[in-house]
Amino acid sequence: MHVLNLGILAHVDAGKTSLTERLLHSAGVIDEIGSVDDGNTRTDTLALERQRGITIKSAVVSFPLDGVTVNLIDTPGHPDFIAEVERVLGVLDGVVLVVSAVEGVQAQTRVLMRTLQRLRIPTLLFVNKIDRRGARYEEVLRAISTRLTPAIVPMGTATGLGTRRARFTPGPVPAALDVLAGHDDTLLSAYVEDTVTDALLHTSLVARTREALVHPVFFGSAATGAGVDALLAGIEELLPPADGDAEGPLSGTVFKVERGPAGEKAAYARLFSGTLRTRDRIPFGTDGAEGRITAISVFGQGTDTRGDAVVAGQIARLWGLGDIRIGDAIGEPRKAYEHVFAPPTLETVVVPGPDVNSGALHLALTQLAEQDPLIGLRHDERRQETSVSLYGEVQKEVIQATLAEEYGLGVTFRETTPLCVERLVGTGQAVEFNKKNANPFLATVGLRVDPAPVGSGVAFRLEVELGSMPYAFFKAVEDTVRETLDQGPHGWRIPDCTVTMTHSGYSPRQSHAHQGFDKSMSSTGADFRGLTPLVLVEALRRAGTRVHEPMHRFRAEAPADTLGALLPVLAALTAVPQTTETRGAGCVLAGTVPAARVHELEQRLPGLTRGEGELESVFDHYAPVTHGTVPRRPRTDHNPLNRKEYLLNVTRRMAG
């Protein structure tokens, strides 16, 4: 039996989880359809998901579809949980992107569709809620064509919209030939020669859909079941089954990690090649770790069941890999794990309640970050504070509720602030010599810093002979440089620069007669790790850095007569409209806005536009801070900006 690993994606409230329930019911896996409102769906299993009526964590369910076993992955629709979507994309064979027939194409729909097209993942569109009042057919198709992609093929017609009698009738649509011919030379030739047949048209539709060149569109209702049978037929016929050689080398990817009641770790993995068996010892991750598989649970036939092996194409839960992380490769890496969505641009400090143990809180946050690789933790030992990076305010509320319900820890948060970066203004260099000018470290380190293009990352280079001292000392300098660049002079990360080592020197290994190694007279890696931050920070100070804040690209649709009220508010939020387009009685504004002001803009837009305004925003770039006080971030290191304080802390630590 073939396997199809299928993702269900959508904007929030499009009915994605309800569609998952309907598909399971239609396939005979469940006897009764669960309700998001009643909190009894198969995929929203967390108590918090049931209370809020939203999907927070991705979930896997399975159902048989004639000759295909479909592993269906339900993902969150809220943009604050985009990290859950990101890690799933790399394991999918195809996607159903859900759009509401009432709300139409939303901001999150556009973000998802752009990503699916960039990754070339075959995608069907399902326009849900055709039974709801306000449901539209032609308008939604037009919006999909103009705002998502023109390469769509409607798979039938919808009638009775807005009533419980709404139906979807599958059938050929004349426009399908025009769309397909633009992507299929054989079909185009047949069209010119007037020899197009239904079989040729269907063959072209299947091939071009599986190549992610065209996107069939179905209409229906998860609530009534209208159009769902047609969608199921489309899933089976149009999306490609999983491929992979069960006899090939072992290769898989972990896309989800969870912990059981006793703290045991289970990894959700898609196997692309080979066969994995219980008790196999396997390599995973990028640092050469190994682990032994103690148990396997394979998805199929409606649920996951314990088995002895998982083969290429399947999804399974694996136990025994204690240090496994999301994004880790199992066996041979298939491809590097890459982020397809922008990283979080906000940050907040977690404030423990009066009876909360700081150690227990740190452990709980570490476990949450383990399950969400885009939650960045930053712990300040001196202030005993932990910061978390965020996509938005809803995510903050969910972290708070999760800590309370799963760990019994009551916390609050400080005000959310933007995550800035620092960029070099010019070139700077500094050097400290061994046994000179109050240098307490047995090391010579000279560094030059130069600006680098945005997105190029950190490059470390040598202008000294590699053989001038032991390689371990060069490695200690490079590792410390990269670590120190996490906190520039203003406390923010410096993501792009070139650091060149210009001077090096060390004290050779010394020993006394009949005695061992004399650490007080011989250089060690600790000397280079201790000296490097002082030299690097001085070079950065001489080069100068400028703080850049995250900027979002926004697109706001609003009635044209509300523009007079909207523009002053945008100006007050330091948003910069760059284009204005009038569309009948409405207008579309596009421009940039600081990430720190997006939430306020979202809150104020409905009141300014009689509730008719729509806003979409996505991280675009970092821009120099030009207004207000330049933000500084408290340091969590030994503060090499203050030489006396730094040396006091570091030399005490080295002596200990």
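Q: What's the strand order in the open sheet of four strands?
A: The order is 26-27-29-28, and the pairing is mixed. Keep in mind that this is a predicted model.

Q: Which ones are the edge strands?
A: Strand 26 (428-432) and strand 28 (458-462), each of which pairs on one side only.

Q: And how much are neighbouring strands of this sheet turned against each other on average?
A: By 15°, ignoring direction.

Q: How many bridges join strand 27 to strand 29?
A: Nine, with strand 27 (residues 443-451) and strand 29 (residues 497-506) running antiparallel.

Q: Which strands does helix 12 lie across?
A: Strand 27, strand 28 and strand 29. Helix 12 covers residues 471-484 and runs at about 155° to strand 28.

Q: Switching topic: where is Asn-128 found?
A: In strand 5, which spans residues 123-128.

Q: Is Asn-128 buried or exposed, and why?
A: Buried, because its relative accessible area is 2%, under the 20% cut-off.

Q: Which residues does Asn-128 touch, leaving out those up to four places away in sequence?
A: Among them are Ala-14, Gly-15, Val-98, Val-99, Ser-100 and Ala-101, and also Gly-220, Ser-221 and Ala-222.

Q: How far apart are Asn-128 and Phe-219?
A: They're 91 residues apart in sequence, but 6.2 Å apart in space, C-alpha to C-alpha.

Terms used: Residues are numbered from 1 along each chain as its sequence is written. This is a predicted model: local features need pLDDT of at least 70, side-chain atom pairs count only at pLDDT 80 or more; totals for chains, interfaces and linings use all residues. Side-chain values use heavy atoms; hydrogens and water are left out. Helices (H or I, at least four residues) and strands (E, at least two) are DSSP runs, numbered from the N terminus. Buried means under 20% relative accessible area, exposed over 50%, partly exposed in between (1.4 Å probe, protein chains only). Contact means heavy atoms within 4.5 Å. Two strands pair if DSSP finds at least two bridges between them. Axes are lines fitted to C-alpha atoms, for helices over the stretch in contact, and angles run from 0 to 180 degrees between N-to-C directions.
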